[in-house]
Amino acid sequence: MKNSLLIGRLAGIRIFLHWTFLLLLGFLVFAEVRRGSSSGAVLASVGFVLALFACVVLHELGHSLTARRFGIGTRSITLLPIGGVATLERMPEKPRQELLVALAGPAVNVLLALIIYPFVAPVGAFEGIGISHSAVGPGFLMALFWVNVMLVVFNAIPAFPMDGGRVLRALLAMRLGRPQATAIAAGLGKLIAVGFVFYGLFNAPFLVLIGIFVYFGAHTENVSVQHRELLRDYTVGHAMITNYLTLAPTDSVQDAANTLLAGSDQDLIVLDQGQAVGVLTRPLLMAALRDNRLTTTVAEVMSREFDTVEIGDSLAQVYARAQRQPNAFYPVLENHRLRGVIDQGNLTEFLTIRAALSH
Ligand SMILES: [Zn+2]
């Protein structure tokens, strides 16, 4: 995630701290100092927030390590002031797998609460509900116990894409199929998100942020699932651009600029005897022009590392891949020969046409 600080690795997964998290710690120290707390109390507060977020990291690791069992890697875990986010390479599509991955996070907090419980039970964990400000010694553990209970309770709310919402989607998907299950879960998720925002406005500002996060998360994921459903029966060959412009490696940067002007293509494929050997993206070409390298050959400025797709590849999978890469642009190959091009713009166009036809 952007604007994040790498703080370490756990089980091979990179853990990031979002910069706003430091803002939260700063605010906390400021609030304590303003209240006239002793330096010990300030440290205890900070220590408590760090322990809280350690619980959140373990929760996210629960999701990640369960996903790993199903062959799904995790790009990173990022800590935000409103919680953690484990960015999985993809979401498991089998409902049973999604169910287990979703449950694994809160299950970690159940486990943590059970581990802490014997230490706090004798001092009356149930008398001091809430986070005590003298969070030292038994008070510290008690607060941590309640944090884990709250994490379980909060994640049980069926607000897709929060854990409870994912559990709901997975259960619905077992009967209704994924597209319809997602539509229902996302609808409920948005409704609850609006509730979070309204309740949060008067009571808890952080809930407003979570509400916004949930609302847009539900929207984006639903759109993505519905789009993939529209693309389900198609291959790259159905949607690719067959009318595209190419360059030869020996062409000059000036030739490339003229070719770009002559058509509406953003990126150009460099062909050598029918084989795609490189891609000259718009930013690469612009950089060459800025450096005044008009007579330099295309071979010298093009990118030789580029992703390709096969003509028979599933369009839904290519769409999912393109969503993760800004400015996706793939030469389409058949038996190593260039047959077409596919990019974000023409995937969107294909979707618009499919959606219009399906009405
Ligand atoms: Zn979770």
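This short talk goes through a predicted model, from its record annotations to its helix contacts and a few backbone details.

Two conventions first. Residues are numbered from 1 along each chain as its sequence is written. Because the model is predicted, local features need pLDDT of at least 70 and side-chain atom pairs count only at pLDDT 80 or more, while totals for chains, interfaces and linings use all residues.

Let me begin with what the record says. In an unreviewed entry, UniProt gives the annotation "transmembrane region" to residues 12-31, 37-59, 99-120 and 140-160; such positions are given in the numbering used here, feature names are shortened, and annotations may be inferred rather than shown by experiment. Helices here are DSSP runs of H or I with at least four residues, and strands are runs of E with at least two, numbered from the N terminus.

The unreviewed UniProt entry also places the feature "active site" at E60, and in the model E60 lies in helix α2, residues 39-69. Is E60 buried or exposed? E60 counts as buried because it has 26 C-beta neighbours inside 10 Å, where buried requires 20 or more other C-beta atoms within 10 Å, exposed means 12 or fewer, and partly exposed is in between, with C-beta atoms placed from the backbone. Leaving out residues up to four places away in sequence, E60 touches I77, G84, A86 and G105, a contact being two C-beta atoms, placed from the backbone, that lie within 7 Å.

Now to the helix packing. The axes of α6 (residues 178-202) and α7 (residues 205-231) come within 8 Å and cross at roughly 165 degrees; axes are lines fitted to C-alpha atoms, for helices over the stretch in contact, and angles run from 0 to 180 degrees between N-to-C directions. The two helices α6 and α7 are therefore roughly antiparallel, a word used for angles over 145 degrees, with under 35 roughly parallel, 65 to 115 roughly perpendicular and the rest oblique. By class, the contact of α6 with α7 has 18 nonpolar, 7 polar and 4 charged residues.

Helix α7 also meets helix α12 (residues 315-324), and their axes come within 8 Å and cross at roughly 150 degrees. On the α7 side the contact is made by S224, H227, R228 and L231, and on the α12 side by L315, A316, Y319, A320 and Q323.

Finally, the backbone. Which peptide bond is cis? The bond from F160 to P161 is cis, with omega near 10 degrees, and P161 lies in the loop between α4 (138-155) and α5 (163-176). Q273 has a positive phi, near 50 degrees, in a residue other than glycine, and its place is in the loop between β6 (268-272) and β7 (275-280). With 6 C-beta neighbours inside 10 Å, Q273 counts as exposed. N292, in the loop between α10 (282-290) and α11 (298-301), has a positive phi near 60 degrees, and N292 is exposed, with 9 other C-beta atoms within 10 Å.

How values were computed. Ala, Val, Leu, Ile, Met, Phe, Trp, Tyr, Cys and Pro count as nonpolar, Asp, Glu, Lys and Arg as charged, and the others, Gly among them, as polar.
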